[in-house]
Amino acid sequence: MTLIQETARAISILREKSPLIHCITNYVTAGDTANMLLAAGASPMMADDPEECAEVTAAANGLVLNLGTPSAARVQALLNSGRRALQHGIPVVFDPVGVGMTALRRSAAAKILSEVKPCAIRGNLSETAYLAGIPMTERGVDSADSGISPEETALSAARKLGCVCAVTGAYDVICDGERRIVIRNGTPLLRQVTGAGCMTSALCAAFASVCGAFTGTAAGIAFMDVCGEIAAERSDGLGGFHAALFDAAGSVTPEILMERLDMHEC
């Protein structure tokens with residue numbers, strides 16, 4: 001089975017198993033994240049209270065930890081659920097939104113990496129470079145044109161952190177420390193819609209729960225990229241694009257993904 005065939009097949013597996021994905025994500029994008037998971041074929045659970053989140057995680061098939069809108073309580077929820085996932089062998093995808101911006105985010109990320117040990121991390125170039133220990137001047141939620149290679153950043157992060165690391169942007173790189181995949185699908189409109197990255201991380205968790213960390217992360221990113229392309233073709237303006245994105249997610253098939261996907265190992 002080719003890499004593209006394996007990635008496309010993940011859609012059928014996801015829809016057959018309909019995994020429960022626990023999302024501790026930011027309040028800006030929680031609704032869109034839940035709807036994207038539903039459209040793809042997964043079942044979302046959006047519980048973020050520290051008193052119940054670990055119990056929810058124990059019943060889930062996958063967990064996504066998103067650093068987008070941190071607070072003391074939310075960070076505690078991230079850690080409570082992450083530790084429970086580690087105990088139960090539940091795959092965790094970490095989205096280190098704006099990780100280098102503040103002491104709270106840096107501290108939370110350090111604890112998640114050491115105490116939770118996520119199976120995959122999906123971030124932009126700035127965020128992933130920070131986790132890899134690569135100096136950058138830009139530490140925000142948007143990637144900077146820094147001249148740093150996404151391929152080398154993903155490789156450095158994966159080897160340092162011991163998990164699958166994905167850098168998403170103008171093109172996407174997924175690396176497990178040995179294999180590296182480049183995906184050249186998508187549309188610039190995805191970077192103009194709040195929450196595209198959060199939705200992608202949740203998709204990575206969903207696919208990882210049924211296909212493993214490396215294939216699952218690649219499938220989640222590929223799925224979002226192709227949905228973005230289809231939505232861009234069917235819409236006029238950002239509002240229409242936003243709605244068309246969910247329509248595409250509900251209708252994408254393995255055959256469509258195989259036809260469109262521009263993916264190769266490097």
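Helix α2 (residues 30-40) and helix α8 (residues 196-211) pack at an angle of about 40°, and their axes lie 9 Å apart. This is a predicted model, in which local features need pLDDT of at least 70 and side-chain atom pairs count only at pLDDT 80 or more, while totals for chains, interfaces and linings use all residues. Residues are numbered from 1 along each chain as its sequence is written, and side-chain values use heavy atoms, leaving out hydrogens and water.

User: Why is α2 called oblique to α8?
Analyst: Angles under 35 degrees count as roughly parallel, over 145 as roughly antiparallel, 65 to 115 as roughly perpendicular and the rest as oblique. The angle here is about 40°, so α2 is oblique to α8.

User: Which residues of α2 meet α8?
Analyst: From α2 come D32, T33, M36, L37 and A40, and they meet C198, M199, A202, L203 and A206 in α8; contact means heavy atoms within 4.5 Å. By class, this contact has eight nonpolar, one polar and one charged residues.

User: What makes M36 stand out in the largest nonpolar core?
Analyst: Such a core is a set of buried Ala, Val, Leu, Ile, Met, Phe, Trp, Tyr and Cys residues joined through side-chain atoms within 4.5 Å, where buried means under 20% relative accessible area. Of the 54 residues in this one, M36, I174, F223 and L245 touch the most other members. The helix α9 gives the most to this core, with twelve residues.

Definitions and conventions
Axes fitted to C-alpha atoms, helices over the stretch in contact; angles between N-to-C directions. Helix = DSSP H or I, 4+ residues; strand = E, 2+ residues; numbered from the N terminus. Nonpolar A, V, L, I, M, F, W, Y, C, P; charged D, E, K, R; others polar. Buried < 20%, exposed > 50% of the residue type's maximum accessible area, 1.4 Å probe, protein only.
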